[in-house]
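Hello,

Here is the structure for you to open alongside this note. Have a look through it, and then read on for what turned up.

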Amino acid sequence: MHPFRRSLRTVLVASAGVATALGIASLTQTASGQGGSSTATSTTATATTNTSTTGTTTTPKAKPKSAKRTVSCKAKLYATRPPVSTALEFALLSCGRPLGKGVQHNSSTVASNAQRTSGSFTGRTRLFLNEGALRGTYKTTFAVAGGKVTYTGTMKITSGTGAFARVKGSGTITGTSTDGVTGALTEKLALTFPPGSS
Amino acid sequence: MMHLGCGTRAAVIVGLSIVVAVGAGAPAAAATARKTRNVSCALTLFATIEQPAPTAANFGSARCSRPFGTGVQRDSSKTTRTSLTAGRFTGPFKLFFDRGTIRGTFRIRFVTMLSAAYQITGVIYQGTLKITGGTAAYRRVRGTGTIAGTSPDAVRTDLAYRMKLTGVPPLRRGPR
């Protein structure tokens, strides 16, 4: 064989091998999903079952389980108007992983006593984050004492979008305000992330 | 004619077909990235710093055309006054949506209208914006746009964005 032909053959075979390897690698990567979802796999368990017909032991792939996480958020609250019968609030959010930073948007109805020294906010909340959003409802009671407003309440996360699709959970809200317009809240959320999510 | 073994020939065919298959997806992605889309947004912003002041900041809700949908904006800016009643805001902003965020900078001129008793009766805004980046589904979004709007009291402001954007992903159908 001519030396040139032999080298051409070698190159062709080598490139085919590289292309096949690349193709397999890319297919494997696609099948395993996105790289960032490492936490979901940590909860995956491998089960061992006995088959009744053969009596041999097999190890089938276990279904990936959802992951439960407790995430704490600090919210710097700003009420767009003094809360009388309805309230519309925004907050700068700083949450733990995997939520990160964002903006919270609350809209609620206000119920209070005649002196407006205690009452509650009941409404909807949306937590907009870099990788997606969470939606839910909340109920917070407030009490005015010593020139300070104290907030205590609960939150329920009903759905999510983007990287937080199908995330659900609940949590607590605590916080204070000196003027009823700006405030500092702490939200502790117990969230359930579906299999394969962040 | 060069002779290749049966196994070798199969490997070559498999390799080339995979290369062709992978390459076919690239032009579609590139076309999406290059395509310019007109996106408009209607925003209602609330000032968190009372004016006049050397800085300004707003929170607000946004309603944008597809694929963005509803979201919220957070912005902050420096105020430069050119007269008692006019000036400009320059600073960064970030729009948060269900599938990600877009961020950029804006420059808005404002003219304040005063009554005979020097009460604010309205503010007119006009300016430009530049989208410099994004996150999640909108990480490749870039572009420019115009801003126009009014405010009755310099606290609540209604703005309209008209943007020309590239890198906008197609609208995803089905459950989110």
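A quick definition to begin with: helices (H or I, at least four residues) and strands (E, at least two) are DSSP runs, numbered from the N terminus. This is a predicted model, in which local features need pLDDT of at least 70 and side-chain atom pairs count only at pLDDT 80 or more, while totals for chains, interfaces and linings use all residues. Residues are numbered from 1 along each chain as its sequence is written, and chains are lettered from A and ligands numbered from 1 in the order in which they are written.

Let's start with chain A. Its secondary structure comprises 2 helices and 10 strands, and from the N terminus the order is α-α-β-β-β-β-β-β-β-β-β-β.

Now for the backbone. Most residues other than glycine have a negative phi, and most peptide bonds are trans. In chain A, A:R97 and A:P98 are joined by a cis peptide bond with omega about 5°; A:P98 sits in the loop between β4 (86-95) and β5 (101-112). Chain B has a cis bond from B:Q51 to B:P52, omega near 5°, and B:P52 belongs to the loop between β1 (37-47) and β2 (55-64) of that chain.

You will find B:Y118 in the loop between β5 (100-114) and β6 (120-134), and B:A154 in the loop between β7 (142-151) and β8 (156-166).

Best wishes
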